[in-house]
Amino acid sequence: MKPAPFEYWAPTSLDEALKLLSGFDDPGDAKVLAGGQSLMALLNLRLAQPAYIVDLNGIAELSSISRDNGTLTIGAMTRQRIAERSADVAAACPLMVQALQQVGHPQIRNRGTVGGSLAHADPAAELPTLAVCLGADLVMRGPSGERTVNARDFFTGFLSTVLAEDEILTAVRIPAAGPGTGSAFEEVARRHGDFAMVGVAAHVQLNGDTIAAASIALSGVDGQPVHAADAGAALAGQTPSDDVFAAAGAAASAGLDPTSDLHASGAYRKHVAGVLVRRALKVATARAKENQ
Amino acid sequence: MTSPMTQRQITVTVNGAARAATVEPRRTLADFLRHDLDLTGTHLGCEHGACGACTVVLDGAAVRSCLILAVQADGHEVTTVEGVADDGAMHPIQQALWDNQAFQCGFCTPGFVMSIYGMVGEGCGRLSRQEIREELSGNICRCSGYQKIVDGVEAALSGEVTA
């Protein structure tokens, strides 16, 4: 199918884009177009029929990668392929590289953006899960200025976030990975590049032979990414072992009640979630050891 | 301030030549190439980014032309499958696929050619068979079983094929 007609606006600055968004009669009738790898498909299928499209691709200031004071900042319009190949991203957030390699296909990542994936908030997508795992800060601008919301408070449900209709996500700030940390992104999908049935992001901080802190987030098991906070916190002070990882997997899975769909039953997703948590923790811990 | 438009004048450099047209903003790049420029070598399968048949190279990177608006290509450079052959002689990528019989019905072939063209243009060098499969995971072929396509790409990346 082909998209329904819309008015097309291509601002060249963030201020101009914000002015446009709050100037429409009904801001809810406008959609912000980033890389378009989800929105364009929705337009083609006419699942989305906005009256206005505000295209961010002409706004150079939204595309950047920088690293300072222990924080990696990625501009919202940074192409996923650019982030995947960035030396700064590889050094400060190796989990991002692993996650991006599982996003769609190279042709999708050439066009898709880091911010677009976060704002679209697909519950099966990799980047929202990564942001929740690492407690990344999401920076957004609206008519009344800038605000920052932690990823753990950003996602509110299926394809839903705290972003207001007249706000634009401008950047994601991720705490840089330090010595003794390791991370892993594990997922099960029908085919490479498909949306995962279940995905798990895990981050581990070691102190000698003991786990100092751990964080676990899951995709595909609820309407939004799930932060398995208790299962992660329970790992602090433990000595890593297969039993400890298995217990964490069981704890993370216990609180889940995934729905069934065409791709997998809820019971299967719940089981796979526990297995992937165990695997991701094992890989993340091995990487943390190498990184000490 | 850019003005809102329901019709927009665009100029896109396609296969090295500037091509101007007036299009509706909702026109996808794929439909612009096929219907406005009569470049029907770019095939359209699923129209929602899943199949890869419509792959073209935009500013040096392989992308889905069904997931990009024609107006977004205004002022940019696009290479389609019609632009890779040199004056009727097949490009080494095409020759390698030909030599290895890497297609059956051929519907997906332009998308594969452009994905490989994008990889080579980015200086991918020689890749393992597994790496080739991952690079081409975004292109679906429903007849070949992929073995011959991977054979063809291996040959193309070996640098031994000239056309």
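Tutor: Chain B contains 5 helices and 5 strands, where helices (H or I, at least four residues) and strands (E, at least two) are DSSP runs numbered from the N terminus. This is a predicted model, in which local features need pLDDT of at least 70 and side-chain atom pairs count only at pLDDT 80 or more, whereas totals for chains, interfaces and linings use all residues. Residues are numbered from 1 along each chain as its sequence is written, while chains are lettered from A and ligands numbered from 1 in the order in which they are written.

Along the sequence, the elements of chain B follow the pattern β-β-α-β-β-β-α-α-α-α. Its C-alpha trace spans about 50 × 30 × 25 Å along the principal axes. Of the 163 residues of chain B, 46% count as buried, that is, with 20 or more other C-beta atoms (placed from the backbone) within 10 Å of their own. Among the contacts in chain B with a separation of 6 or more, 62% join residues 24 or more positions apart, a contact being two such C-beta atoms within 7 Å.

An automatic or database domain assignment supplies the domain bounds, and it divides chain B into domain 1 (8-83) and domain 2 (92-158). The centres of domain 1 and domain 2 of chain B, taken over C-alpha atoms, are 21 Å apart, and 15 residues of domain 1 are in contact with 13 residues of domain 2. On the side of domain 1 of chain B that touches domain 2, strand E3 (55-58) and strand E4 (61-64) of chain B each supply at least two residues, and the largest share, 3 residues, comes from E3(B). That side divides into 8 nonpolar, 7 polar and no charged residues, where Ala, Val, Leu, Ile, Met, Phe, Trp, Tyr, Cys and Pro count as nonpolar, Asp, Glu, Lys and Arg as charged, and the others, Gly among them, as polar.

Turning to the partner, 28 residues of chain A are in contact with 28 residues of chain B. Strand E1 (7-9), helix H2 (39-44) and helix H6 (106-109) of chain A each give at least two residues to the side of chain A that touches chain B, and this side comprises 13 nonpolar, 10 polar and 5 charged residues.

Within chain A, strand E12 (residues 198-207) is mostly covered, with 9 of its 10 residues buried. E12(A) pairs in the antiparallel sense with strand E11 (residues 181-188) of chain A over 8 bridges, and with strand E13 (residues 210-219) of chain A, also antiparallel, over 9 bridges; pairing requires at least two bridges found by DSSP. Glu186(A) stands opposite Val200(A) in E12(A), and Asn207(A) stands opposite Thr210(A) in E13(A). The hairpin of E12(A) and E13(A) has 2 residues between the strands, and in this hairpin Gly208(A) takes a positive phi near 65°.

Notes. Buried ≥ 20, exposed ≤ 12 C-beta atoms within 10 Å, placed from the backbone.
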